[in-house]
Amino acid sequence: MEQSVLIDIGLPVAVFIIMTGIGMTLAPVDFHRVAMRPKALIWGIAAALLFLPLVGLSLAVLMGLPPEIAVGLVVVAACPIGTTSSLFSYLARGDLALSIALSAVGSLVAIATLPLFANFAIERFSQGDARVYLPVLRTIGVMIAIILFPVMVGMGIRQKAPGFAARAEKLVGAFGLLVLVALIVGIGISVYQRWVEILVSAGPAVIALVICAVAVGLLGSRALGLSAAEAVTVTLSISIRNAAIGIALAITMMHSPEIAVPLALFGLLMYATGFSLVAYGRRTIKAP
């Protein structure tokens with residue numbers, strides 16, 4: 001299973017542009033507000049990188065999945081928070097500063113948690129000797145290149161040219177929608193010949209994981225008394241994962257295309273989930 005050119009090249013470039021535009025909507029005071037209210041950040045990281053992998057493990061055991069599918073389900077549940085969760089948060093009128101903080105901190109935390117859960121799943125389900133090590137420098141480099149750096153550029157543009165930033169920001173939403181639609185089409189084409197295999201072997205478990213991700217995010221956020229914008233943002237961070245990293249690990253380090261099957265399917269379904277949460281957020285969160 002080869003990752004499409006759209007994912008390898010087009011998506012990082014598009015996300016860089018989008019994140020620059022999103023940075024034009026932010027000011028340092030936004031991040032100060034997140035730091036002053038850390039509850040949402042702590043809950044989002046714990047839910048995305050600890051609770052959801054445990055849910056994946058539980059589903060794999062309860063559903064009696066084949067070893068490769070079980071390992072893949074746990075790996076996708078433990079993947080870093082996807083960078084496009086910030087784009088969805090923007091479209092859903094969520095908390096952008098919180099979303100970016102979740103992606104940044106989550107990328108660092110996943111360096112330790114992803115190998116931990118992946119290794120545990122391998123030992124639990126396949127009793128193999130394989131080990132997974134997340135490429136630390138590459139992960140940090142990607143985080144800086146397509147999340148932190150363009151946001152800083154956008155914030156700098158807003159500070160130096162607020163008029164231009166205000167005009168350019170209006171184009172971010174439309175461009176983001178076009179990118180996401182193109183991404184969904186590209187992923188669908190790349191796995192077209194394996195649709196039947198993917199749906200039969202991993203479909204029910206992946207769908208259950210997607211539903212659990214949304215339920216954990218919304219119900220947990222409600223229980224903690226988070227605002228509607230924070231709840232949608234946290235739920236998007238739990239539901240939108242960097243499946244491309246998991247696919248790369250499955251193919252290059254575990255040498256198992258079968259393990260990559262749940263990741264490929266989740267990579268498709270999570271965008272549908274994202275659009276659903278955008279619609280939910282725009283109905284429940286008042287426009288600024």
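Helix H3 (residues 39-62) packs against helix H4 (residues 67-78) at an angle of about 165°, their axes lying 8 Å apart. H3 is therefore roughly antiparallel to H4, a term for angles over 145 degrees. Axes are lines fitted to C-alpha atoms over the stretch in contact, and angles run from 0 to 180 degrees between N-to-C directions. Helices are DSSP runs (H or I) of at least four residues, numbered from the N terminus.

The model is predicted: local features need pLDDT of at least 70, side-chain atom pairs count only at pLDDT 80 or more, and totals for chains, interfaces and linings use all residues. Residues are numbered from 1 along each chain as its sequence is written, and side-chain values use heavy atoms, leaving out hydrogens and water.

In H3, the residues meeting H4 include Leu52, Pro53 and Gly56; among their partners in H4 are Leu73 and Ala77. The residues of this contact comprise 12 nonpolar, 1 polar and no charged; Gly counts as polar and Pro as nonpolar.

Thr113 lies in H6 and counts as buried (under 20% relative accessible area, 1.4 Å probe, protein chains only), because its relative accessibility is 10%.

The table lists contacts (heavy atoms within 4.5 Å).

| Residue | Contacts beyond four places in sequence |
|---|---|
| Leu209 | Leu52, Val55, Gly56, Leu59, Leu73, Val76, Ala77 and Phe266 |
| Thr113 | Leu49 and Leu50 |

Terms used. Helices (H or I, at least four residues) and strands (E, at least two) are DSSP runs, numbered from the N terminus. Angles under 35 degrees count as roughly parallel, over 145 as roughly antiparallel, 65 to 115 as roughly perpendicular and the rest as oblique. Buried means under 20% relative accessible area, exposed over 50%, partly exposed in between (1.4 Å probe, protein chains only).
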